Each structure stands twice: as C-alpha cells, then as structure tokens.
Amino acid sequence: MRKIELSYTLTPATPERSSHPALLRNPMMDVLHALRSSGSISGAARELGLSYRHVWGQLKDWEAGLGQQLIFWERGQAARLTPFGERLLMAERLAQARLGPQMENLRAELERAFAMAFEEGQHASGGDVITLYASHDHALAELQQHAGAATEGRHAAPPLHMDIRFCGSVDAIRALNEGRCELAGFHTQPFAAAGSLSARAYRPLLKPGLHKIIGFARRSQGLMVAPGNPLRLRDIGDVSRLQARFVNRAIGTGTRLLLDELLAQATLLPMDIVGYHNVESSHAAVAQAVASGSADVGLGTEYAARAQGLGFVPLTEERYLLVCLKSALEQAPMQRLLQRLRSRAWQERLNALPGYATDHCGEVAAMKRLLPWWD
C-alpha cells in the first residue's frame with residue numbers, strides 16, 4: 001500500500017480555478033495527464049510551464065520511488081504511458097469522480113474558515129452565509145464561486161458565502177425541515193404526473209405556507225454512453241433489451257427517482273437492468289465508470305457526460321429547484337442570493353454551461369407553479 005497525504009493551497013479566485021476539473025491536485029498526475037495529451041515530455045513541460053529537464057527528472061524520481069516505469073523511454077518515439085501509468089491515471093480519475101461531492105464540501109469548509117481571517121466586519125462574523133444542502137449539481141458549484149465574488153459598480157455588493165453540502169434530493173429537503181440548513185436543492189421532472197414516484201417522494205416533505213420554491217435551472221438528463229454510442233442505445237428499454245451494463249445512483253437521489261420513473265413508464269422492473277444495484281456517488285463518478293469501461297451506460301447530466309468526453313442520449317429536461325422556509329425569505333443573505341440569481345451576469349454564466357438553461361431563475365413561486373404535479 002502507498003501512503004496518501006492531502007494538501008491544499010490558497011490562490012486568488014479566478015474563473016480558471018473554478019473550471020479546473022480536479023479538486024485535489026497531484027504533480028505526478030498533472031505530468032501524466034499532460035504527457036498523455038501532448039505525446040512528449042517537451043510538450044508536457046510546455047503545457048505545465050516547466051522546463052524539460054525538470055519534468056524529465058521528476059519522472060525518473062517518481063519511477064524510482066514507485067519501483068515501476070511510468071512511460072516507455074524510447075528515443076525518437078512519442079512518449080507513451082506504460083500500462084501501470086495508465087492504471088494510475090484511471091484510478092486517480094475514478095477517485096476524483098467518486099469523492100467530488102465530499103471534496104467540494106471540504107473545500108467550502110476551508111474557504112469559509114479562511115474567509116473569516118481575510119475579511120473584516122460582518123462577513124467575518126458569519127452573518128452572510130447561506131447553508132445549502134442539495135443534490136449534487138455543477139451549476140451550484142458555479143453559483144458558489146459567482147456569489148463569493150464581490151460585485152462592482154453603482155450597486156456593488158460584498159461576497160455572499162454559500163456553504164454547500166451535497167447529498168440526495170430527498171435528504172436535502174429533510175435537512176431543511178430539520179433546521180440543518182436555510183436552503184435545499186432538488187430536481188424533478190417538470191411534467192411528472194400527480195401519482196408519480198417523484199410526486200410521492202417530495203409531496204410529504206413540502207408544505208404550502210411553510211415552504212417557498214425558488215426557480216433555478218433546467219438541465220438535460222439522459223444516457224451517458226461510450227463515444228459514438230457503440231451499442232446504439234436510445235432509451236431505457238434498449239438498456240434492458242441489450243443487457244447493457246448499467247451504473248446507478250444511490251437511493252434518495254433525484255436521479256435514482258428518475259430512473260425508477262423511466263422503468264415504470266417502460267413497464268420494466270429493476271431486475272431487468274444489469275447493474276441496477278451497482279451504485280456510484282455522483283454524476284461524475286457514473287461518467288467515469290462508463291469512460292473506464294467498467295459500465296456501458298449510466299443515467300446522468302449532459303454536463304457530466306461532456307466533461308468526460310462521452311456520448312450522450314438526452315431523455316428528459318428536468319427542473320432543478322431551490323426551496324427555503326417562507327420565514328427565511330426576508331433575511332438579508334437570502335435577499336442577496338435572489339438578487340444574484342436574477343442578475344444578467346449569473347444567468348449568462350448558467351446558460352453557457354453544457355446542458356443547462358435558466359428556468360424562472362430567482363423567481364419565488366407557489367408550489368403548483370413550478371411543480372405541476374402538485375395538484
């Protein structure tokens with residue numbers, strides 16, 4: 001066994017930082033990724049802003065420490081990773097995907113702690129923090145970065161800290177009802193029937209007069225498949241008929257509810273899906289399982305599929321919503337969040353994400369307006 005030590009760095013907040021796919025960085029993995037994409041040590045060095053001699057020396061040191069070759073050292077040939085190097089990269093990608101939500105939670109905790117040291121006045125005291133329990137979603141991570149930046153101009157506003165804890169949609173609303181957060185995020189099909197699984201799961205948790213729904217986004221969910229969709233999968237019926245190896249999400253997640261809805265609509269049972277009980281913790285982890293070849297298909301967001309270079313078969317556009325207690329609406333942090341959600345800058349940023357579109361963004365609405373199955 002090899003020992004793993006974690007570390008972190010403090011860097012200025014920039015768009016480049018927020019868009020980097022890795023939440024934990026490792027110099028060796030950075031070099032291997034760059035080698036794989038460039039095909040040469042010199043190309044990897046240029047990509048990483050390092051010297052050829054430095055990268056060459058690092059590779060030799062890592063190979064000596066690990067006791068295995070990372071690349072084929074063939075003079076005059078393109079640099080290629082050895083099977084061991086490829087396995088290291090695959091293991092790192094899978095770990096990053098599986099631990100993504102937990103690492104984002106950890107990063108948010110660290111950023112909040114250091115914000116108290118860097119900022120003065122009421123922001124350091126914790127008065128401008130919104131705790132959000134939510135189904136894992138990339139747009140929320142983008143919103144966290146957007147809200148955490150001070151605005152400029154005549155209507156300048158200080159940063160708004162969002163303490164995001166990712167969990168399943170059902171668990172998120174339960175956390176709100178138990179007083180563990182001020183805001184919850186969940187997703188559901190906008191045209192699900194009143195007797196649907198989604199309606200039956202969410203209805204007991206939401207109370208008119210107590211809760212208020214806040215519009216956020218629409219996102220595309222569908223089948224994440226290998227590039228080119230070699231099995232020609234078109235829907236969940238094809239997944240069953242062709243016995244494609246499936247990777248699922250956990251009970252309590254909105255995506256698991258969506259799958260069960262799709263099975264019911266196709267008059268299929270869980271036992272008809274090979275891998276129904278094979279569970280991963282996030283959309284990114286499902287995408288990585290497909291990318292690694294350990295599964296043929298999984299259900300997830302278009303964003304996660306595109307990020308892994310996978311094929312994507314859209315099945316539904318679902319509505320991602322936020323919910324809070326009515327009593328929290330007039331509190332200053334919530335009002336500032338609504339202003340950010342309604343801003344042109346945020347909505348342009350959201351619409352630029354693959355598979356996302358604004359949908360009543362920042363609008364406070366009655367249950368039946370944004371949840372058609374409510375009645």
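**Figure 1. Salt bridges across the predicted model.** The structure shown is a predicted model. Its salt bridges number 14. The next views take up several of these pairs, then turn to a helix.

**Figure 2. R36 and E86 form a salt bridge.** Their closest N and O atoms are 2.9 Å apart. R36 sits in helix α2, which covers residues 27-38. E86 belongs to helix α5, residues 83-118.

**Figure 3. R219 pairs with D137 in a salt bridge.** The closest N and O atoms lie 2.5 Å apart. R219 is part of strand β6 (residues 211-225). D137 is in the loop between β3 (129-134) and α6 (138-147). The two residues are 82 apart in sequence, so their contact ties together separate parts of the chain. R219 is buried, with a relative accessible area of 1%. D137 is buried too, its relative accessibility being 1%.

**Figure 4. R218 meets D359 in a salt bridge.** The N to O distance between the side chains is 3.3 Å. R218 lies in strand β6. D359 is found in the loop between β11 (356-358) and β12 (364-365). These parts are 141 residues apart in sequence, so the pair ties them together. R218 counts as buried at 18% relative accessibility, because the cut-off is under 20%. D359 is buried as well, with a relative accessible area of 8%.

**Figure 5. D137, R219 and E318 belong to one network.** Salt bridges that share partners join these three residues. One of the links is the bridge between R219 and D137.

**Figure 6. Helix α11 is largely enclosed by the rest of the structure.** The helix runs over residues 283-292. Of its 10 residues, 7 are buried, which means that the surrounding structure largely encloses it. Which residues of α11 are buried? They are H283, A285, V286, A287, Q288, A289 and V290. In an α-helix there are 3.6 residues a turn, so residues three or four places apart point the same way. Just after α11 comes G293, with a positive phi of about 90 degrees.

Notes: Residues are numbered from 1 along each chain as its sequence is written. This is a predicted model: local features need pLDDT of at least 70, side-chain atom pairs count only at pLDDT 80 or more; totals for chains, interfaces and linings use all residues. Side-chain values use heavy atoms; hydrogens and water are left out. A salt bridge is a side-chain nitrogen of Lys or Arg within 4 Å of a carboxyl oxygen of Asp or Glu. Helices (H or I, at least four residues) and strands (E, at least two) are DSSP runs, numbered from the N terminus. Buried means under 20% relative accessible area, exposed over 50%, partly exposed in between (1.4 Å probe, protein chains only).
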